[in-house]
2 protein chains.
Amino acid sequence: MTEPIRLLLADDQALVRGALAALLSLEPDLTVVAEVSRGDEVVPEALRTGPDVALLDVEMPGLDGVAATAALRAALPSCRVLVVTTFGRPGYLRRAMEAGANGFVVKDTPARQLADAVRRVHAGLRVVDPALAAETLATGPSPLTERETEVLRTARGGGTVAELAATLHLSEGTVRNHLSAAIGKTGARNRADAVRVAEANGWLLG
Amino acid sequence: MTEPIRLLLADDQALVRGALAALLSLEPDLTVVAEVSRGDEVVPEALRTGPDVALLDVEMPGLDGVAATAALRAALPSCRVLVVTTFGRPGYLRRAMEAGANGFVVKDTPARQLADAVRRVHAGLRVVDPALAAETLATGPSPLTERETEVLRTARGGGTVAELAATLHLSEGTVRNHLSAAIGKTGARNRADAVRVAEANGWLLG
DNA sequence: GTGACCGCCTGACAAATGTCACGGCCGGAA
DNA sequence: TTCCGGCCGTGACATTTGTCAGGCGGTCAC
């Protein structure tokens, strides 16, 4: 038998991380060589342990999974990346693929399929949930401009326009205008609704 | 050796559910006899398989984990309940304990401790993260009245006051007043902020 | 070059939101 | 009983929010 596939696991929830390790260790051709809980630990640990495939969660402290994907692909091109995420948000898939991910799996998929996804990614194939891929293509890229995204992202905290304007160094009128544009583009009724829609589509990463 | 502890797993994310099953099956004295993905499947499946301990996630479709706890304790009192949740929200812990849960574990805890938690719960002990327990006591119960909670819960969708008033069969002024009270009690600046705070504390379950 | 277009920025105005003071209702304390 | 306090419901008022028309600067096609 050939050498087993060496895996790095990155997930901020220790219980999930450990459980995934147990699940994947059941496969004789897979071995977990590293586990980290933060996005900014991915590259150092990968350089130290030299995994063949990295399983990265999107929601992580320090550095989100998409940014970690880009950093890891740059630092260790031989290591494939399989993004594993809770939320099947179109924007996440798009951004992850643009960042160089080789596969994208949501945590709803049956456990038995995970090992196969790892093997396919390791073999150089792309792994993507077909339904999510279709939704991503249908949704299209984010219609929001950079400033609109930034304003909406800041508005998540629930502050008033005056506060947003202060932190962004803009006039209140400008902030209101960006918010209005975002509301229109997302088809929302509200600032709060616009935040919800944009977040659900994965347009507020970062 | 005595009979192994029989487990029921309830989590809406198939991958996490399967991974937890793999993790717990490594222990010789534990055996997973049932897995469900929805809260409303917990009681029927438990009645069919007769587990000793049920591991329930809080966030589930059909019936949330707290309601499932209450239903399970009523339908099968011999089965202990260990609630396993992503978010360490004070309100969740309080509500779960009031519903009759025997233990409460967040998904941040190390994987090795999960099996011990199961054994302790099975032995009749209570298992609670001390830090979360302290935070729960410090935070206290929800300061929101029933109506305020209901209005705030409905306001999550991001609708306008007129819509809220229509769905709740109230006057617009009344809705505004409840929202204002909720904003004051949560220390928020905004309706949106109040929703965030209440949700973070686990005050909007249901 | 120049015109069309797009994103960014801003102030004025209408519409919504949040605050306040008030009255009715119910349950417990004096 | 009567009083008190909490919750619910409501309308009037000030504040905040969302919309609109418009000015400025850059880029691309022609």
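User: Which residues of chain A does the UniProt annotation "domain: Response regulatory" cover?
Analyst: Happy to start there, keeping in mind that this is a predicted model. Over the annotated stretch, the chain is 44% helix and 22% strand, with the end C-alpha atoms 10 Å apart. The annotation comes from an unreviewed UniProt entry, and in chain A it covers residues 6-122.

User: What is the area buried between chain B and chain A?
Analyst: The size of an interface is often given as the accessible area lost when the parts come together. Here 31 residues of chain B are in contact with 31 residues of chain A. Carbon and sulfur atoms give 64% of the buried area, which is about 2,300 Å².

User: Which residue of chain B forms a salt bridge with A:E163?
Analyst: Between chain B and chain A there are 2 salt bridges, and 14 residue pairs are in polar contact. In the salt bridge of A:E163, the closest N and O atoms are 2.6 Å apart. The partner is B:R189.

User: Which element gives the largest share of the side of chain B that touches chain A?
Analyst: The elements of chain B that give two or more residues to this side are α1 (14-25) and α10 (191-200). The residues of this side divide into 14 nonpolar, 9 polar and 8 charged. The largest share is 8 residues, and the element giving them is α1(B).

Conventions: Residues are numbered from 1 along each chain as its sequence is written. Chains are lettered from A and ligands numbered from 1 in the order in which they are written. This is a predicted model: local features need pLDDT of at least 70, side-chain atom pairs count only at pLDDT 80 or more; totals for chains, interfaces and linings use all residues. Side-chain values use heavy atoms; hydrogens and water are left out. Contact means heavy atoms within 4.5 Å. Buried area is the accessible area (1.4 Å probe) that two parts lose on being put together, summed over both. A salt bridge is a side-chain nitrogen of Lys or Arg within 4 Å of a carboxyl oxygen of Asp or Glu. A polar contact is a pair of N or O atoms within 3.5 Å; within protein, one must be able to donate a hydrogen and the other to accept it, and residues adjacent in sequence count only if both atoms are side-chain atoms. Helices (H or I, at least four residues) and strands (E, at least two) are DSSP runs, numbered from the N terminus. Ala, Val, Leu, Ile, Met, Phe, Trp, Tyr, Cys and Pro count as nonpolar, Asp, Glu, Lys and Arg as charged, and the others, Gly among them, as polar. UniProt positions are given in the numbering used here, feature names are shortened, and annotations may be inferred rather than shown by experiment.
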